[in-house]
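Hello,

Here is the structure for your files. My notes on it follow below.

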Amino acid sequence: MKDVASAAGVALKTVSRVVNGEPGVHPATAERVRAAIDRLGYSRNESARVLRRGRTATIGLVIEDVADPFYSGLSRAVEDVVIEHGCLLLSGSSGEEPGRERELVETFCARRVDGLIVVPAGDDHTYLRPELETGTPVVFADRPPGAGLDVDTVLTDNVGGAAQAVRHLLGHGHRRIAFLGDDPAIFTAAERLQGYQEALGGLFDERLVVMRAPSPESVRADLARLFGSDDPPTALFTGNGRYTVTVLRALAGRRRPALVGFDDFELADLLDPGVSVVAQDPAWMGRVAAELLFRRLRGDAGPPEHIQLPVRLIPRGSGEL
């Protein structure tokens with residue numbers, strides 16, 4: 001800035017006003033300063049500027065997997081809100097590994113992010129207490145924090161959505177409905193199992209439940225076992241978008257049973273029949289979580305909020321067979 005001031009023949013304060021867009025500088029003088037800036041290749045030191053204000057203008061985001069369409073949608077919505085507030089987003093994927101989750105969070109905190117949005121992989125978040133005690137706001141999204149930590153949380157109605165899917169199949173005459181869900185240690189998978197079981201009531205049969213991370217090989221084996229039994233299911237409820245797609249691939253070329261999946265996915269409406277889903281809105285979740293975080297950064301010191309977002313059933317044909 002001193003070099004710019006010298007080249008333009010103005011005071012240092014005048015350069016500061018021009019750079020920061022402040023009033024009080026004659027247009028001709030401002031143009032002379034901007035010309036000197038262009039000639040010298042000057043760029044403002046953002047780190048120094050934001051640190052002087054007591055913040056780094058960065059937000060940390062930890063998600064499960066950036067390649068998952070659900071989390072990429074959530075991440076993009078968070079980024080949009082962060083940009084609207086003139087900040088930068090730092091993000092990383094935990095890969096469902098609690099150690100990786102903690103490593104990412106601690107790395108972001110070491111870089112002094114202003115706040116955190118976390119999709120947790122583990123259930124022990126006591127490591128966050130020092131950050132919370134020093135005033136760093138944290139919002140958990142999609143899954144709650146471990147026991148003993150009461151912070152802002154934005155979730156989906158997983159239980160209600162799963163029950164809605166099963167009731168839809170029951171309403172079309174099905175009584176043998178299998179559930180294929182992710183690892184039961186994952187909060188959302190356990191919640192969706194609960195909704196499935198509650199909707200079935202006395203029709204619940206644990207032999208129709210598969211709970212493990214999907215792979216093409218495991219899904220083919222599980223479907224072969226289910227449909228090869230003496231009393232096979234007539235309908236399937238799949239617990240997330242990745243599971244639904246893996247099941248559809250395993251059933252390619254075969255007559256599909258009735259199917260409702262949790263999570264919408266691209267091209268679901270173009271299949272024949274279209275895939276009926278219980279849809280949640282990852283972009284809505286990301287925006288709600290980010291706006292809640294910035295409200296905390298503006299000084300909102302109210303009690304922790306626990307927000308549950310609704311879902312909606314989209315019937316396209318597969319659930320109505």
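Rings of Phe, Tyr and Trp (its six-membered ring) pair if their centres lie within 6.5 Å; planes under 30 degrees apart count as stacked, over 60 as edge-to-face and the rest as tilted. By that rule, ring pairs join Phe179, Tyr196, Phe204 and Phe237 into a cluster.

Two notes on the source. This is a predicted model, where local features need pLDDT of at least 70 and side-chain atom pairs count only at pLDDT 80 or more, while totals for chains, interfaces and linings use all residues. Numbering runs from 1 along each chain as its sequence is written, and side-chain values use heavy atoms, leaving out hydrogens and water.

The whole structure has four aromatic pairs. Phe179 and Phe237 form a stacked one, 5.2 Å centre to centre with 25° between the planes. Phe179 is in strand E6 (residues 177–181) and Phe237 in strand E8 (residues 235–238), so the pair ties together parts 58 residues apart in sequence. Strands (E, at least two residues) and helices (H or I, at least four) are DSSP runs, numbered from the N terminus. Both Phe179 and Phe237 are buried, meaning under 20% relative accessible area (1.4 Å probe, protein chains only).

Now the cores. A nonpolar core is a set of buried Ala, Val, Leu, Ile, Met, Phe, Trp, Tyr and Cys residues joined through side-chain atoms within 4.5 Å. The largest has 43 residues; Ile177, Leu180, Tyr196 and Phe237 touch the most other members. Helix H8 (residues 158–171) gives the most to this core, six residues. A second, separate core has 26 residues, including Ile59 and Leu309.

Best wishes

Technical notes:
Buried < 20%, exposed > 50% of the residue type's maximum accessible area, 1.4 Å probe, protein only.
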